[in-house]
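Let's work through a couple of exercises on a ligand and its surroundings. Have a look at the model first, then try each task before reading its solution.

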Amino acid sequence: MRVRRARTAIVTGATSGIGAAIAAALAGAGFRVFLIGRDETRLARAARRLPRRGLAGTARADLARVSEVRQLLDTLAECCPRVDVLVHAAGEYGWTQPGELASPAFETLFAVNVRAPYLLTQGLLPSLARARGQVILINSSIVRSPGVGVAAFKATQHALQGLTDSLRQDLNRRRIRVTSLYPGRTATPRMRRIYAHEGRRYQPAGLLSPRAVARVVLAVIELSDAAEITDVHLRSLRAY
Ligand SMILES: NC(=O)c1ccc[n+]([C@@H]2O[C@H](COP(=O)([O-])OP(=O)(O)OC[C@H]3O[C@@H](n4cnc5c(N)ncnc54)[C@H](OP(=O)(O)O)[C@@H]3O)[C@@H](O)[C@H]2O)c1
């Protein structure tokens, strides 16, 4: 009898919201999941939430810093020589005030939302290719809406879309599949902060749940044997 090896998944942003839900869903589906976050305490808490056999490891890295992304890649090359699934769920959000010269915020948004997924995907290429793996990037429904007051953030999501569409061509040649997910408003700690900023009462029941997003990720992974799913747009029925 041939025993199937446990598949390995790497998840950034695994300490909160959508990334945490995806990590839990992958562990529940039999993956060994490697969690990435920027805070040791939150990372340890996220690891404790997974069944022991579902945890491949954890690493702390501030994805805004190239030096920490490089260190992270060294760690991942040692621990995960075959990567079946790489999920980019870490992300920064920020508002843009009229007349503001918010260059540091602008740079951090691009560093975390665009440069980090680019570097991590490129750095993990050999491990992804060995497994004929797949890359899932959590983008945002903001690419289809005007996005008032969030010009810099919106620009990062368009940049991520362009990056992903182009990388897909390169990665497909190595039999690695690439999927962009575009969720609408989802009930996560980030969304709670957004409601507070907007001066609105937070009502998570009307939003997508992180678990629902995670279920879609699992479906994409399981269906991908048949074909590459390039883009998935999802939103809550109740939010509109
Ligand atoms: N919530 C929504 O409505 C929504 C809709 C569409 C798309 N998305 C996308 O989904 C992804 C997750 O969002 P979320 O709502 O789940 O947000 P969240 O609850 O704020 O979680 C964000 C995650 O990213 C990590 N992160 C942020 N900056 C980082 C950095 N510099 N280095 C390493 N990790 C960093 C956070 O780590 P810490 O725990 O250390 O903060 C956390 O794990 C984002 O890419 C977002 O754009 C969200």
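**Exercise 1.** Find out which polar side chain and backbone atoms sit by the ligand's oxygen and nitrogen atoms.

*Solution.* Start with S16: one of its polar side-chain atoms lies 2.6 Å from an oxygen atom of the ligand. That makes a polar contact, meaning a pair of N or O atoms within 3.5 Å. Next, an N or O atom in the side chain of D62 is 2.9 Å from a ligand nitrogen atom. Finally, a polar backbone atom of L63 is 2.8 Å from a nitrogen atom of the ligand. On its own the ligand has 890 Å² of accessible area, and the protein covers 95% of that (Shrake-Rupley method, 1.4 Å probe).

Keep in mind that this is a predicted model, where local features need pLDDT of at least 70 and side-chain atom pairs count only at pLDDT 80 or more, while totals for chains, interfaces and linings use all residues. Residues are numbered from 1 along each chain as its sequence is written, and side-chain values use heavy atoms, leaving out hydrogens and water.

**Exercise 2.** Describe how α1 and α8 cross.

*Solution.* Their axes, lines fitted to C-alpha atoms over the stretch in contact, come within 8 Å and cross at roughly 50 degrees.

Definitions and conventions:
Polar contact = N/O pair within 3.5 Å; in protein donor to acceptor, adjacent residues only side chain to side chain. Axes fitted to C-alpha atoms, helices over the stretch in contact; angles between N-to-C directions. Helix = DSSP H or I, 4+ residues; strand = E, 2+ residues; numbered from the N terminus.
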